[in-house]
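Welcome, and take a moment to look over the chain before reading on. The report below walks through the fold step by step.

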Amino acid sequence: MASIVLRKTLDRISGEENVKHFLKEQGVLYEHWDTTKLPEYLRDSFILSDEDKAKILETFDADIQSLAQRHGYKNWDIVALSDATPNLDELLKKFQQVHVHTEDEVRAITAGNGIFTIKGNQAAGYFDVELVPGDVISVPVNTPHFFTLVENRRVVAVRLFIDAAAWVAHPYEDPEF
Ligand SMILES: [Fe+2]
């Protein structure tokens, strides 16, 4: 289950109901998928063949279809990052700049970990959402955010798009960050 840290106060929000309640207040979609459905070898693999990726998508097909129908997502794929990823350091540097998109950024973590830092309402300010396998998050369109990995530097996630071609990061200069 995801856990949240408010950057202003370092207060931590944990527990399913508290996390769901907070993210709902901030307009961030959050749900949790059952990763025990995933074959064991895929729960800890970060270098994936096309067959592995297809297996992950097949395993979560009902969850993906449901999410896609509810929010208008049209296509999806798998992203895997680890120390085996060429230029991981450069990629992470690029990721860690506050930006916005003209559509939702949707990630369902199927292995590993990640953190979305998101700009909440005036009272909340920026907060970190620490994600574990099964966590599904959608950063709303035009919401300043960035993504990074944790110390283990590895993640596998399903990405869902309305229009993958339009999914571009627009830098967001924020004196409040
Ligand atoms: Fe983004």
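Predicted model: local features only at pLDDT ≥ 70, side-chain atom pairs only at ≥ 80, totals over all residues.

## The sheet and its surroundings

An open sheet of five strands runs in the order β3-β9-β6-β11-β4, with antiparallel pairing. Its edge strands are β3 (29-32) and β4 (75-81), each of which pairs on one side only. From one strand to the next, the twist averages 20°. Strands here are DSSP runs of E with at least two residues, helices are runs of H or I with at least four residues, and both are numbered from the N terminus. Two strands pair if DSSP finds at least two bridges between them.

Residues are numbered from 1 along each chain as its sequence is written.

## The chain as a whole

The secondary structure of the chain comprises four helices and twelve strands. The radius of gyration is 16 Å, close to the 16 Å that the globule rule gives for 177 residues, so the chain is as compact as a globular protein of that length. (This radius is taken over C-alpha atoms, and the rule is 2.2 Å times the number of residues to the power 0.38.) Along the principal axes, the C-alpha atoms fill a box of roughly 45 × 35 × 30 Å.

Of the 177 residues, 29% count as buried. A residue is buried if 20 or more other C-beta atoms lie within 10 Å of its own, exposed if 12 or fewer, and partly exposed in between, with C-beta atoms placed from the backbone. Two residues are in contact if their C-beta atoms, placed from the backbone, lie within 7 Å.

Which strands does β6 pair with? Four bridges join β6 to strand β9 (residues 135-139), running antiparallel, and six bridges join β6 to β11, also antiparallel. The bridge partner of A108 in β9 is V136, while I109 stands opposite A157 in β11. Strand β6 is mostly covered, with eight of its eight residues buried.

A108 also belongs to the largest nonpolar core, which has 34 residues; Y30, A108, F116, V129 and I137 have the most contacts inside it. Strand β11 (residues 155-161) gives the most to this core, with five residues. A nonpolar core is a set of buried Ala, Val, Leu, Ile, Met, Phe, Trp, Tyr and Cys residues joined through C-beta atoms within 7 Å. Leaving aside neighbours within four places in sequence, A108 is in contact with W33, F60, V136, A157 and V158.

## An annotated site

The UniProt annotation "binding site", from an unreviewed entry, covers H99, H101, E105 and H145. These residues are spread over 47 residues of sequence, yet they cluster in space, with a largest C-alpha distance of 11.2 Å. UniProt positions are given in the numbering used here, feature names are shortened, and annotations may be inferred rather than shown by experiment.

H99 lies in strand β5 (residues 99-100), whereas H101 is found in the loop between β5 and β6 (105-112). Setting aside residues up to four places away in sequence, H99 is in contact with F146, A169, H170, P171 and Y172, and H101 touches V141, W167, V168, A169 and H170.

Most residues other than glycine have a negative phi. Here, phi of L10 is near 65°, a positive value, and phi of N87 is near 60°, also positive. L10 lies in the loop between β1 (3-6) and β2 (12-13), and N87 is in the loop between β4 and α4 (88-95).

| Residue | C-beta neighbours within 10 Å | Class |
|---|---|---|
| H99 | 17 neighbours | partly exposed |
| H101 | 18 neighbours | partly exposed |
| L10 | 8 neighbours | exposed |

Notes:
Axes fitted to C-alpha atoms, helices over the stretch in contact; angles between N-to-C directions.
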